[in-house]
Number of protein chains: 2
Amino acid sequence: MKTLKIPEATIIRLSVYSRYLTEIDRKGIITISSGDIAEGVGVSPAQVRKDLAYFGEFGIRGVGYNVKDLHKNILRIMGLSNEWSVCLVGLGNLGLALSTYKGFKERGFSIINIFDNDPQKIGMRINDIEVLPIDKMEEVVAQNQIQIGAITVPASAAQEIVDKLVKGGVQAILNFAPVVLNVPPTVELRNVDLSVNLEVLTFNLGGKMA
Amino acid sequence: MKTLKIPEATIIRLSVYSRYLTEIDRKGIITISSGDIAEGVGVSPAQVRKDLAYFGEFGIRGVGYNVKDLHKNILRIMGLSNEWSVCLVGLGNLGLALSTYKGFKERGFSIINIFDNDPQKIGMRINDIEVLPIDKMEEVVAQNQIQIGAITVPASAAQEIVDKLVKGGVQAILNFAPVVLNVPPTVELRNVDLSVNLEVLTFNLGGKMA
DNA sequence: TAGATTGTTAATCGATTAACAATC
DNA sequence: TAGATTGTTAATCGATTAACAATC
C-alpha cells in the first residue's frame, strides 16, 4: 500500500467535515456535493475533494456523496469508529471542564480515570469517576490500558506527569500546559495552548488600533 | 511601509518564543542565539531567524539576541504591550475554567464581564466579576468598550451571541462552540475546537492499532 | 584577526487552487 | 443525450530549509 503523507491541515478539515455531516444527516439530507460541504464549512470545493481523495473514492460523479456513507468513512479514517480510553491528570478548573465536556463522549473518547495530588480532591467523584492520587497513576493507567492522557497540571509539573504516563504505557498525550515536553518517539504528543489563540487574535487586530 | 503577508504559523511560533523568553529571562540569562531558542522550543534555527526577520533586525551578528530586548519586541509585535478587554459568554465548566485561567491575565487579557442566561448563575461573582444576563450584553459590551468576546455557549446559541457581540462593538471573537459562525469582515473570528485536537491524535495513532 | 552568529537570498519542499477528462 | 459533479493532474502559491555574505 502506497503511503503518501497526509497534511495535518487535511486531518483537521476532515474532523470539521465530519461534524458538519452529523448536522446534515440529522436534517435527513441523503446526498451532498463537495460544493455544499465547502460552503457549509468555509473552504473551497476542490479542497474538499482533494482531502477526501487521499483516502479513496467516496462519491459518485454527477451525483455527489451519500451523507451517511461519507460520514461513516470519515469517522473510520479518523480512528473514531471505536472507543478510546482517556485519563485526565490535574483537576483544576480546566480539568473539570474537560472531564465534563460532552463533545468528547460524543466522539468516542471515554474518560476512565482522573488523577490529582490535592488531598481535598482525592476521593471526589466526577461523573462517577473517583479522583485518584498521582502516586497510583502509573499502575492504574497500565491496568486499565489507558491509551490517551490529557494533562491539565501546572507547567512546572507537566514533564514529570508525562514521564509517568509514558511508563504506564499511554500511546498519546494531549497537553494543555504551556511548556515544551519531551516524549519518546513512539508516543504521540499534541499541545493545546489557550493563550496562543487569543494572541493570534490580537496580532491580527494590531493594525486596527489607534 | 511594505506590508508583506505574515504566515499564521509565524505568529503562533512568535507566541511560543515569547513564552520561552519569559522562562529564559527569569533564569537571568542575558543573551540567546537563534540556535538556543530553536532547541528550546523545537524548531530550526533558520526558522527562528526567518520569523523574526519579518518584523525587523533584533539581533547582533556574531553575538545573538538580548533576551529582554527581544522579548519586549515580540510582545509589542503581538499586540501584548497593552491590556485587552475581554468578555466571556457562557458560564459552563469551560467558561468557568477560562474565567479563572491565569495564563490570560499574565499575557494582558482582562476579563471585564461575564454573561450567562441561567437565573442560578446571574448575580454570582467570579473573581469579583458579577455574572450578568445576556439581555444586558449588547449594552454593557458597548459601554465598557469590550474588544474581545470569548464564547463558550452551546453550539445552537452561538450565532445569536455573536450577532449581539458584534452589535455591541467587539473587534474580535474567540469561539469555543463547535459550529461555523458568520461575522462581518471587520470582526476577527478564531475558532478553538477541543475535540479536533483529540481527533488529530487518534488519526495519527490509527496505524499503530491492532 | 579568528570565530560566531545574524539577516537574507536562493533552492526546496509542500499545500492549495484551477482546470478538465471521466462518468453518473 | 445533456447536465452535473467527481477524481485527478498540472499550475500556482506559500512556507520551510539550506547556504552564505555581512558583520560583530
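View 1. Of the atoms of DNA strand D within 4 Å of the protein, 70% are part of sugar or phosphate, the remainder being base atoms, in what is a predicted model.

View 2. In chain B, the side chain of Gln47(B) places an N or O atom 3.3 Å from a sugar or linking oxygen, while an N or O atom in the side chain of Lys5(B) is 3.3 Å from a phosphate oxygen. Elements giving two or more residues to this surface include strand 2 (59-60) and strand 3 (64-66) of chain A and helix 1 (8-26) of chain B; helix 3 of chain B gives the most, with 4 residues.

**View 3. The interface of chain B and chain A.** The two chains bury about 5200 Å² between them, 69% of it on carbon and sulfur atoms. On the chain B side, Leu198(B), Glu199(B) and Phe203(B) lose the most area to chain A, together 13% of what that side buries.

**View 4. A salt bridge between the chains.** Arg107(A) forms a salt bridge with Glu199(B), their closest N and O atoms being 2.5 Å apart, and 4 salt bridges are found across the interface. Helix 9 of chain B provides the largest share of the side that touches chain A, 12 residues.

Definitions and conventions
Residues numbered from 1 in each chain as written. Chains lettered and ligands numbered in written order. Predicted model: local features only at pLDDT ≥ 70, side-chain atom pairs only at ≥ 80, totals over all residues. Heavy atoms only, no water. Near = heavy atom within 4 Å. Polar contact = N/O pair within 3.5 Å; in protein donor to acceptor, adjacent residues only side chain to side chain. Buried area = accessible area lost by both parts, 1.4 Å probe. Salt bridge = Lys/Arg side-chain N within 4 Å of Asp/Glu carboxyl O.
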